[in-house]
Amino acid sequence: MAERGFHTFAEITSQPGIWAYTVAEFQTLAPRLGHFLPDLQPPQAIFTGCGSTYYLSLTAAALFQALNGVTAQARPASELVIFPKLVFASGAPVLLVAISRSGETTETLDAVEVFRRHVGGQVLAITCDGDSSLAREADFNLTASHAREESVAQTRSFSSMALLAEALAAHLAGRDVVAALGPLPTTCQRLLDEYGDLARMLGEAADINRFFFLGSGYLYGMASEAMLKMKEMSLSYSEAFHTLEFRHGPMSMVDEHTLIVGLLAESALRHETAVLRQMHQAGAQVLAISESGSGLDGPDRVHEVVLRSGVPVWARTVLYLPVLHLLAFHRALANGQDPDRPAHLDAVVMLDSLLESP
Ligand code: F1P
């Protein structure tokens, strides 16, 4: 029998190489995207998925709207299925971007079916399996085929599909995708090397018993995914909030056994570091992840991850994750869990269809 977390550790640490393959895979598909969406005609885009891939949709929609000036929103696939009128407001054309590692999650397939029946428009899939039901059903696929995983919890699959979402938004906006994403594998490797010990130290810290992941803007989806990794792998108390929302109630949970992880955006640094400073004063340990340093370092119980990516803001969202994957991995081992096989979870949620026959 493999040692606990054998697959998960391999999947986390293989991200640099897998990202390089994923960017290359995108390059081969990119020329066909131009025909698929000639002038980015749909004035609206909806991104959907379940669990991790819903959180990925949050970041992907934000990037898509910011780079292309197209209204883009993210909704869990189940909401499209159960409450379609709350999602599809008008008869205007919509691009549906459906994201799923497996391409077999029932709610995501049902959401595509609802979209076909009631809305119409193009469906673009982002997945790790180009032969899956979702890939077959979509009008266009972006596939991170090298990123498939043995483990239940998504790590390299999530970050690779996030790279494809970044690349999609940037390519359609006429940005130089390869110049921006090309350096990421090297930066990812440096982050894993430089901050692996810090992730282990905090993951194993017996005096920490609750984790809060805070992010705003593009990074709220990433904070949510980091929260889910901690929950799934290690069964720890773990929640995510928009950074400034944390003061509006959740901060009452902070004490000296709390780790606050801040995924900081350069454009919001002043406001976000003020929240982290306040939580540190309330007794929490703080882990600040930022492009160039948070300016918080110095006091005891404040830890820093500095990305130093040098790439545009839209290209760097995935870089916040690998150190947080390691944090969840080490906490899982410290909690006696096997990160490869989280309790009560399956890699894919397959149900009877939620839909009535047409
Ligand atoms: C989505 C998902 C995962 C979650 C769990 C069940 O799968 O909800 O995010 O961690 O393993 O499946 P997929 O549609 O991306 O394959």
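This is a predicted model: local features need pLDDT of at least 70, side-chain atom pairs count only at pLDDT 80 or more; totals for chains, interfaces and linings use all residues.
The contact between them draws on 30 residues from domain 1 and 29 residues from domain 2.

How much area is buried between domain 1 and domain 2? The figure comes to about 2600 Å², with carbon and sulfur atoms giving 76% of it. As for polar links, nine residue pairs are in polar contact across the interface of domain 1 and domain 2, counting pairs with both residues at pLDDT 80 or more.

On the side of domain 1 that touches domain 2, the elements giving two or more residues are α1 (6-13), α2 (15-36), α3 (52-68), α8 (156-172) and α9 (177-181). Of these, α3 gives the most, with eight residues. Sorted by class, this side of domain 1 has 19 nonpolar residues, along with nine polar and two charged ones.

Then there is the ligand, which is surrounded by 14 residues. The closest are Ser 100, Arg 101, Ser 102, Thr 105 and Glu 232. Which atoms of these residues face ligand oxygen atoms? For Arg 101 it is a polar backbone atom, 2.8 Å from an oxygen atom of the ligand. With Ser 102, an N or O atom in the side chain lies 2.7 Å from a ligand oxygen atom. In the case of Glu 232, an N or O atom in the side chain is 2.5 Å from an oxygen atom of the ligand.

How values were computed:
Residues are numbered from 1 along each chain as its sequence is written. Side-chain values use heavy atoms; hydrogens and water are left out. Contact means heavy atoms within 4.5 Å. Buried area is the accessible area (1.4 Å probe) that two parts lose on being put together, summed over both. A polar contact is a pair of N or O atoms within 3.5 Å; within protein, one must be able to donate a hydrogen and the other to accept it, and residues adjacent in sequence count only if both atoms are side-chain atoms. Helices (H or I, at least four residues) and strands (E, at least two) are DSSP runs, numbered from the N terminus. Ala, Val, Leu, Ile, Met, Phe, Trp, Tyr, Cys and Pro count as nonpolar, Asp, Glu, Lys and Arg as charged, and the others, Gly among them, as polar. A residue is near a molecule or strand if one of its heavy atoms lies within 4 Å of it.
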